[in-house]
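User: Hi! I am new to reading protein models. Could you walk me through a few features?

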Amino acid sequence: MTTHAIPYESQLTPETLAFLRRLPGRLLIGGQWIASVAGRTFTTYEPSTGQPLAEVYQAEAEDVDRAVAAARAALEGPWRRITPLERERLLHRLADLIEQRAQELAEIETLDNGKPLSASKAIDVPSTVDMFRYFAGWPTKIEGAVKPVSIPNRLNYTLREPVGVVGAIIPWNFPLSLISWKLGPALAAGNTVVLKPAEQTPLSAIRFCELVCEAGFPDGVVNLAQGPGEITGAALVAHPGVDKIAFTGSTEVGRLIMKAAAGNLKRLSLELGGKSPHIIFADANVSQAARAAAGAIFGNAGQSCNAGSRLLVQRPAYEQALEIITRRAEAIRVGPGMDARSEMGPLTSAEHYQRVTGYIRSGVEQGAAVRVGAARPAGVPEGGYFVSPTVFDQVRDDMAIVREEIFGPVLAAMPFDTPEEAARLANATPYGLAAGVWTRDVATAHRMAGLLQAGTVWVNCYSQFDPASPFGGYKQSGFGREMGHEALEHYLETKSVWVATS
Ligand code: NDP
């Protein structure tokens, strides 16, 4: 088995080094860490150098079959007998273990995904802990109801039951925390899971699953099947033994999943792409709004489903806002995630680097004006997938950079005059994930919140997430909600029980 040189070795904790030396990453099936049946592996790459990082066993259809069977056996066996209080304890124990392993998980995430270590430590790991703690509170609060039926001598009540075996398909932009978005509610509701991380970033999922075992979850409650979407993911989606697919990723793959899941009418929740508008009215605190707008597109190198990728500024404030964002873009330190000075890391994969730089080229070719960026940042390691924070101005509605999700640090800015025009421009997209509005006028704020076709509207703030608040898409940004009790509903069935009382 090939082993690769460990990048940034001298900066890593002994625990991270021990984890990397335990690789190739195995599959977790029915509580056993095993190689795939065919023994094939795939390679994951370190994004700041483009060098191979690790080998991971690839789950084929036969491995997925075994993972689904293990999940079913756990569902019908030990997991069913576990009390709600014990489920709560297990979820809390898992959250505690993730918290204890924060440094190690953050290092693994940064090596695999490329994001700055400071971000992995401040955002990805703590938000994962919070999500499991939030959902740990739910098992003892999932209640049915007694229904006031009008048929004499009949008692009618509802039971809430788990949907069954859940296939959780995760992307590469927030690999660890998006696991918690799916597995938090899935496990709280009493389901079992087959987890498929993205092939670009499987490592934190492997370490996470080791912690699931350490926390004491019964064998088979969480199974791990790594591999490419078109092989491992497709096998999971088509599998007749899977009751629900919980997916985050592109709208294109969301569409494929809907078709492929039709065989046994799987339940679906799809959190898909976005082209979120960030709207600044002239009466806003423009400098605060512009700084937030920069954070909304350059955070996580723009690889966020809710990235504020279209900036709409009311004409009198347009130049001022653009100037502030441009200065911020110039100042951002782009570099390797393991370099403590880096504020923005590389993109996560070579393929994605090609996609994002292709969009930047198309913007230039279609006649948009480059305010800043559109070039490789200076002083970054060769071979890394680095892109400069980029701002386009003088854009038109028909340009690809305005219409399509780029998923990189690329902003398209345009002016508007009236609130109606802002709402029309903001809604002129097939997506509807999120939107930001900046104004000091409370009436404008509420009016815009009503007009915008988006699952989340942030007013005088952006990118606020909390485990209690639902998040998800309108239109082609998907359906179903993550977080809050709304998420839990997607992992529960309702059974209506009738009893003749005489
Ligand atoms: P995908 O939608 O392909 O990937 C998301 C997940 O789906 C990955 O685990 C992937 O596996 C899996 N997958 C891919 N094809 C299938 C399939 N046929 N059946 C089941 N699972 C599948 O995103 P990409 O990585 O290709 O990124 C493309 C674009 O998607 C980005 O540029 C961005 O616009 C958008 N995106 C949006 C995200 C969001 O948060 N909403 C997250 C990621 C991407 P694998 O990667 O191993 O092939």
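This is a predicted model: local features need pLDDT of at least 70, side-chain atom pairs count only at pLDDT 80 or more; totals for chains, interfaces and linings use all residues.

User: Is Pro-389 buried or exposed?

Analyst: Buried means under 20% relative accessible area. Pro-389 has 4% relative accessibility, so it counts as buried.

User: How do I read a pair of helices? At what angle do α11 and α12 cross?

Analyst: Angles from 65 to 115 degrees count as roughly perpendicular and those under 35 as roughly parallel. Helix α11 (residues 286-298) and helix α12 (residues 315-331) cross at roughly 50°, and their axes come within 9 Å. That makes α11 oblique to α12. The crossing is right-handed. Among the residues making the contact are Ala-290 and Phe-298 of α11 and Ile-324 and Ala-329 of α12. The contact residues divide into 10 nonpolar, 2 polar and 2 charged.

User: And which residues of α4 meet α8?

Analyst: From α4, Leu-90, Arg-93, Leu-94, Leu-97 and Ile-98 meet Phe-208, Leu-211, Val-212, Glu-214 and Ala-215 of α8. These contact residues comprise 8 nonpolar, no polar and 2 charged. The axes of α4 and α8 are 9 Å apart, at an angle of about 130°, and the two helices are therefore oblique to each other.

Methods
Residues are numbered from 1 along each chain as its sequence is written. Side-chain values use heavy atoms; hydrogens and water are left out. Axes are lines fitted to C-alpha atoms, for helices over the stretch in contact, and angles run from 0 to 180 degrees between N-to-C directions. Helices (H or I, at least four residues) and strands (E, at least two) are DSSP runs, numbered from the N terminus. Angles under 35 degrees count as roughly parallel, over 145 as roughly antiparallel, 65 to 115 as roughly perpendicular and the rest as oblique. A crossing is left-handed if the near helix is turned anticlockwise from the far one by less than a right angle, and right-handed if clockwise. Contact means heavy atoms within 4.5 Å. Ala, Val, Leu, Ile, Met, Phe, Trp, Tyr, Cys and Pro count as nonpolar, Asp, Glu, Lys and Arg as charged, and the others, Gly among them, as polar. Buried means under 20% relative accessible area, exposed over 50%, partly exposed in between (1.4 Å probe, protein chains only).
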